[in-house]
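Open the model in a viewer and keep the selection tool ready.

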Amino acid sequence: MSNSKNIKEEINQYIKIFIALGVLTVITVGIAYIEVGKMWIAVLLAMIVATMKGTLVAGFFMHLFHEKKIIYLFLGITLVLLCALFFITFGSVYNQVGEIEQGVIESTSSYIH
Amino acid sequence: MEVPYTVKPRLDTGLYNSKLGIWLFLASEVMLFGALFSSYILLRAAAPSWYAGPDVLNVPIGTLNTLILIISSVTILLSWTSIRLNDLKKYKLYMGATIFLGALFLFIKVYFEYLPKIDHGHIPSENNFYATYYTITGLHAIHIIGGLIVNLYFLGPGLKMYNKEPERFCNRIETAGLYWHFVDIVWIFLFPTIYLLPGS
């Protein structure tokens, strides 16, 4: 079992990260009510704050900042595959939106009745 | 037969086996939720219009649930630190708090979000917005239920291991905590994406 002084220092760090996460949650909600005009800016802002929060949880709560190399390897491979998945999706979205605008296909969503 | 490397780390990986296992599982979970998020992007981009999250979803309730999950992430860490300090009483307190907060999250989700929406006829078949909302938040809720079952086991019958193999039990709590934090991270990305983005 670990040294009790180190564990108490760990607990203090967790509390600080918790406060930071609380503040970032308030910021997340706050920026949603700001009129930014363009959709991509709203998405970018939301994802920047979410990424900051996710990094704090993964880095400090899951101790990813001090993990073994093999975990970084696994997560690195996962990240590459995730990027490939999103790359394929964005390519498909680009084609789909273009075809909708040209009238080649109809919109796929049944959103509004 | 004794399961090897449940306490001491393997020489080649530097990790005990269940920690390596949970990270591999979490990597597969990243791809699962990644697929759902990419489906959301595809459906949304092709839609002629899309609801603004704050117009149709309950943002204060979503914010409250975000805070509940973050607090539960801290309490599960405190349960892990308590067991490392051999403080069983505090371990039970913090693990109990984690379970309570997880159950509270689910109660709020079902009672204040799902049921009122279903009462008003907003079901997954209504449109793509609600289909993605129920699918992604529902899968997340199933993950919370899974975590609650595991945490309940470690507060109840699974606690017997602490008397015989305290370090192995400690590693189990760390592993359960890694899963719980991952569920928190999913919600951290899910909440702004579904609840807060403007309409189009």
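Start by selecting S82(B), which is buried, with a relative accessible area of 6% (buried means under 20% relative accessible area, exposed over 50%, partly exposed in between, with a 1.4 Å probe and protein chains only). This is a predicted model, in which local features need pLDDT of at least 70 and side-chain atom pairs count only at pLDDT 80 or more, while totals for chains, interfaces and linings use all residues. Residues are numbered from 1 along each chain as its sequence is written, chains are lettered from A and ligands numbered from 1 in the order in which they are written, and side-chain values use heavy atoms, with hydrogens and water left out.

Next, select helix 1 (residues 4-32) of chain A together with helix 7 (residues 166-196) of chain B, which pack at an angle of about 20° with their axes 11 Å apart. On the chain A side, the contact is made by T28(A), V29(A) and A32(A); on the chain B side, by F191(B), P192(B) and L196(B).

Finally, colour chain A by domain: domain 1 covers 1-66 and domain 2 covers 68-113, with bounds from an automatic or database domain assignment. Their C-alpha centres lie 26 Å apart.

Key
Axes are lines fitted to C-alpha atoms, for helices over the stretch in contact, and angles run from 0 to 180 degrees between N-to-C directions. Helices (H or I, at least four residues) and strands (E, at least two) are DSSP runs, numbered from the N terminus. Contact means heavy atoms within 4.5 Å.
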